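Open the model in a viewer and keep the selection tool at hand. The stops below say what to select and what is there.

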Amino acid sequence: MINNSIAIKNASAVSSNAPLIRTETPEFVKLIDLSRCTGCKACEVACKEWNNLPPDKTENFGSMQLHRSLTPTTWTMVYFNEAVIGGNVQYLMRKNGCMHCDNPACLTACPSPYAIVQYENGIVDFNQDKCTGCQFCVSACPFNIPQFDGVSNRVYKCTLCIDRIDAGLPPSCAKACPTSAITFGEKHKILDNAKTEIKKLVKRGFKNAKLYSPRGVGGTHVMTILPYGNNVEDYKLPKNPEVSPLTTFTKGPLAVFGGLFMGLTTAGSFIHLITAGPSKVPEAPEVSAAKEGREEEIDRHNLATRIIHWTVAISAILLIVSGLSLYSPKLFWLSNILGGPQSSRFLHPWIGVVFLISFGLLFIRWFKDMVIKPYDIDFIKNIYSYLIHDEKNIVKSDKFNGGQKLVFWCFSAGLALLFISGLFIWFPGFFGSFAGRFGLFIHELTAIFFISAIIAHIYLSLIAIPGSLAGMITGKVKSSWARFHHGLWLNGNK
Amino acid sequence: MIMGANPAENHPVGFRWALKAREKKNAKIIVIDPRLTRTAAVADIFVPLRSGTDIAFLGWLINYTLANNLYFKEYVINYTNAPFLVKSNYGFKDGLFSGYLEAEHRYDTESWGFQLDAAGNVLKDNTLENPHSVFQIVKRHYSRYTAETVSKITGVSEEKLIEAAKVICSTGNPNMVGTVMYAVGWTQHTVGSQNIRAAAMLQLLLGNIGRPGGGINALRGHANVQGQTDHGLVATTLPGYLKIPVKTQTNIKTYLKENTPSKIDKHAVNYWSNTSKFLVSLLKAWWGNSATKENDFNYEYLPKIDSNTTWMFAFNAMFNGKINGLIDFGMNPACVGPNSDKMLASLGRLKWLVVIDPFAHETACFWKRPGNDYDSKGIAANSADIDTEVFMLPSSDWIEEDGSFTNSGRWVQWKYKSYDPAHNAKSDTWIISNIFLKIRKLYEKSGGIFPEPITKLSWDYEDIYSPTKEEIAKEINGKDLKTGKQLPSFIVLKDDGSTASGNWIYSGSFTEAGNMMKRKKLTDNTKMGMFHEWSWSWPVNRRILYNRASADLKGNPWNEKLRALWWNGKEWVGDVPDYPPTAPPSKEIGPFIMTNSGYANIFSSALVDGPIAEHYEPIESPTVNILHPNVSINPAVKFFKDKLDIIGKSSKYPYVCTTYRVAEHEHYLTRWVPYLVEIMPDFFVELPYELAKEKNIENGGKVKVYSARGEVTGVAVVTKRIEPLIVNGKKVWQIGIPLHWGYEGLVKGPLANLLTLNVGDPNAFTPEYKTFLVNISKP
């Protein structure tokens, strides 16, 4: 909520550096000392009151803990657990909320520029106006913090009361806490206090008291003193949270690889165009013989097939456009094509459903014709000859040549992968964070190959093999074209 | 030591000071409770114990203290009545103290008095060796509370008993102080008053009373219940803890004679000897100019009681058709009262009921109570059979009022109105004034049998229909009727009618200098956290009662770091002294100025069921009293004899049940607050893990709990925090039930009090909500 862009240290999906010119601003830390927490939930209520959040409908499932997890309208909550430690039953309570990591996984995963910002004081905040609702952050967060709201299609979490901090006030939860279990202040001062408190805890008999501020996320700006430091999981905390390698790989090396691969495919097509050029079908003897009359046209694709194919094609283009916008910050501008980032992200999975259904229909129509025959394998062995238009060595194909059939099956498999991984990305709350991260990785990897294949397919059908487009628009092809490219199919038709 | 209380949940802001004591002074926090509560979760030591066996545990501590010579000897000899010689006909045998009148079920307390000389002064033995001395009597009595016996009674292991005693009983010396924090976990028993007496005895033996960080801290339950009891909104007192007159005290002379103690020791200040000044000033405040010396200051206008008028007795009278109407002001009897079936039936026997409250709660629509088989119990089954005319007067909430809250430390802090009451709700004072003025007008118009107490009542405000809190506070403080000036304190009160004060202990709260309760200065001259200029405390802004006991006979603090009041050679400094600041220590004025001896009463005849505490079993108990099986329960307890007054047996109801509150709710009224409903929506039952397994009840599933009186069903919270206890050789299970639910509000649930019994302490008549027997089953 701070309106001061100069305070931003780091931000999501920026294609250049964040505007951090001043580096001497102090960092702040919120410290939660669990040895003083009595689980009263004043922090929960104070957070709701300050942020004017509505109450959730809850029910007792057998605990003093009344939320199973955070929600879009519950940004902090108390976990309760009974654990046997040192032979005695310990009643453990922990205030759960955003850890405000120094290396926030959510920020790394987010595809929308400045939707997630990290301020110089350490607070990680969401700018919901820029949130596309993609939930990449939900999958990336090792603490399961960001919560997605299906009505507004945005994610929400603790803001560490950035608006109060700006005004020189403590966070609402810290102010309300009756036992001062929650304190807030300048980082080094708080760290000193924490050290002192931990020493006292050790003296009191809590031999393993520790400060929880995990290295795997670069340390956090919300730190917790755990009296039983060796029993991290009893506090319902992950033992070794980290920014998942899947997340960093997807945003880093995979993005670079994808760019290169798709670029190479495009370049390759261009090089083919200026070297081998489009294929030339020799003129039909009947036409050159008779000076009149048209060459016979053969029905290749009926109306239904064409409509389905174009539905597939258009939805694929829209998917590529919207998908690429989330894939790289440099391509985020593509999200405007489908009506803006939120609209584009929202429509992408639904267009995916259209794509799935329409390609499914196409699959039903074509799979028999796409069965790979021995001559298709020969065709593929001689693909180079086909590309350089070496007529003598081109193998005769039936309705679809070996390359087309190969591409068809690859598309089918790719689509299956895209759809299943897409479901994981779409519903990380249902499938879990790991599925969400892994799904994103598979989805992008598959898409890179898929898009490259489509670039090749478009080049071949639009430019390199003249006559193909006409076949998919009018449904008819010249017999000479058919004789040249799909001789076996022509014979079958005669 | 926290016992019979759960301050982390129910006094969270006050509890921060316990944590600060640990933080700053390495204090140890010990919690003794049937359940591992949220307080126990942050304590240093937790002792699980059977509900209703607190005196056994405290008796063990007293035994441990005396047997190991851990008592603060100099303090005990010089400031308590330990050296006093008790009458030779005092005795205790087989569970009964001397003087028990079997037929009447009560004690004649004559033998619990002290031996006096001819001049009326008590005889003492400062060597503490005389067998008739309080000290030796107490030592003999509690020598029976051995670790083995107490372990059998309470279910606490002998190791834990010793571990706890080592810490708690270590404060009996100048260098250490310990405090006791308690709440209704102690008072809501048939031995409730004696629970607190036992703690008082222990704290006196350890020398912890009157010292900073010591004392016995009753954690008052509601925001201003301390103010409530201070101002006499109790069945048995007038404002300032003056006793309410009884029928036989027909004139002021008799009343004063029977209520003004005479001193039994030359060191005694015996401050209650000023009772006449407090009473007369109160009468002048109430009846103004019409109260004169000639008419005993209208003493005859005071209502006098001829029977027990405390809660259970009042509702019992209501049940039996003896009460026509009830004005229910800011409380919820349908939920609060024990044995809900009888409570709800009682309300149905009224001719009229006026409910004055911000919410139309369960009492305001008591006829909506869930249907039970009332026919067999002889009370109206359908709401159509109820003839009560019910009026609902919506009133303001506490946030919508100015005024003061008196906290557990007696600090009377002024508070400010945050906003206006909603809709048609009116301020409490507006409602009282309008009712009063209407009634007064009716009396003035058509007379009556005895209208003068109403018609002559002084009601002198700028707007008589809506007096301000300031005006009322000034009246309470009192003024000099000759000069018209506000009184500086109760020291200047007179019994000749020249002073008026609505409550003598609050005299000094609103002086000529202004409203002392509004002060917010953070000066702390004593450096002991007294903050004398923050608000005002009664009495006379004293922060620690009996602070004289924090210093030795010479006036030097027992420990320089733990000083409250000390003699600097010329005067007493630090906290506010109990007598003139220049009275030197050599005068040996007794520190305990309110007693008739000046010494603290380890042994006292003030309570009706014993001069010292003895363990009696709860009315519904899983075991006989192993100390004296023939006198298992408190012999002074009274029982009601109606059809609904049922007591259950352990053969049918094997489990001990206790009731309590949770952090998320304030009694019954926060089920109207959405955020609080969110963090605690449903009625639940805390079940021990092994018991739930035995009965095949799942965590989060439903469980039915039933007693001899009723049944409730709720969500099962299966927990490892309630262990089984071995009591008298048998495994005893305890079950916990929170009480916040009722049949109105944003979320509804059953009344916990359907299970509880209407039998109570014979002194305060507080019902035994905290321990009774139940059985459980899958619903």
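## A buried histidine

Begin at B:His267, which counts as buried at 12% relative accessibility; buried means under 20% relative accessible area, exposed over 50%, and partly exposed in between, with a 1.4 Å probe and protein chains only. This is a predicted model, in which local features need pLDDT of at least 70, side-chain atom pairs count only at pLDDT 80 or more, and totals for chains, interfaces and linings use all residues. Residues are numbered from 1 along each chain as its sequence is written, chains are lettered from A and ligands numbered from 1 in the order in which they are written, and side-chain values use heavy atoms, with hydrogens and water left out.

B:His267 sits in the loop between α11 (252-259) and α12 (275-287) of chain B. Helices (H or I, at least four residues) and strands (E, at least two) are DSSP runs, numbered from the N terminus. Now show the residues around B:His267. Setting aside neighbours within four places in sequence, B:His267 is in contact with B:Lys124, B:Lys587, B:Glu588, B:Ile589, B:Gly590, B:Ser597 and B:Tyr599, where contact means heavy atoms within 4.5 Å. Then pick B:Thr310, 43 residues from B:His267 along the chain; 36 Å separate their C-alpha atoms.

Select B:His141, in helix α5 (residues 134-142) of chain B. Is B:His141 buried or exposed? With a relative accessible area of 4%, B:His141 is buried. Residues up to four places away in sequence not counted, B:His141 touches B:Phe92, B:Phe97, B:Ile612, B:Ala613 and B:Glu614.

## Domains

Colour chain B by its domain assignment: domain 1 (2-219), domain 2 (311-446) and domain 3 (629-777). Such bounds come from an automatic or database domain assignment. The centres of domain 1 and domain 3 of chain B, taken over C-alpha atoms, are 27 Å apart. Between these two, 32 residues of domain 1 of chain B are in contact with 35 residues of domain 3 of chain B.

Do likewise for chain A, which is divided into domain 1 (5-242) and domain 2 (247-300 + 367-493). Here the C-alpha centres of domain 1 and domain 2 of chain A lie 50 Å apart. Across this pair, 13 residues of domain 1 of chain A are in contact with nine residues of domain 2 of chain A.

## Nonpolar cores

Select B:Phe684, B:Leu687, B:Ile735, B:Ile737 and B:Ile776: of the 138 residues in the largest nonpolar core, these touch the most other members. A nonpolar core is a set of buried Ala, Val, Leu, Ile, Met, Phe, Trp, Tyr and Cys residues joined through side-chain atoms within 4.5 Å. Strand β3 (residues 77-85) of chain A gives the largest share of this core, six residues.

Zoom in on B:Ile776. Beyond its neighbours within four places in sequence, B:Ile776 has contacts that include B:Tyr655, B:Leu687, B:Leu691, B:Val703, B:Lys704 and B:Ile735. Another core, of 114 residues, lies apart from the largest one; B:Trp112, B:Phe114, B:Cys169 and B:Tyr271 are among its members.

## Salt bridges

The structure holds 38 salt bridges over all chains, each a side-chain nitrogen of Lys or Arg within 4 Å of a carboxyl oxygen of Asp or Glu. One of them joins the side chains of A:Lys187 and A:Glu27 (3.4 Å, N to O). This pair links distant parts of the chain, 160 residues apart: A:Lys187 is in helix α6 (residues 187-204) of chain A, and A:Glu27 is in the loop between β1 (8-11) and β2 (28-33) of chain A. A:Lys187 is partly exposed, at 23% relative accessible area, and A:Glu27 is partly exposed at 22%.

Next, select B:Lys469 and B:Glu401, whose side chains meet in a salt bridge (2.4 Å, N to O). Again the pair links distant parts of the chain, 68 residues apart: B:Lys469 lies in helix α18 (residues 469-477) of chain B, and B:Glu401 in the loop between β14 (389-394) and β15 (403-406) of chain B. B:Glu401 is buried, with a relative accessible area of 8%.

End with B:Lys704 and B:Glu711, joined by a salt bridge at 3.7 Å, N to O. B:Lys704 is partly exposed at 21% relative accessibility, and B:Glu711 is partly exposed at 45%.
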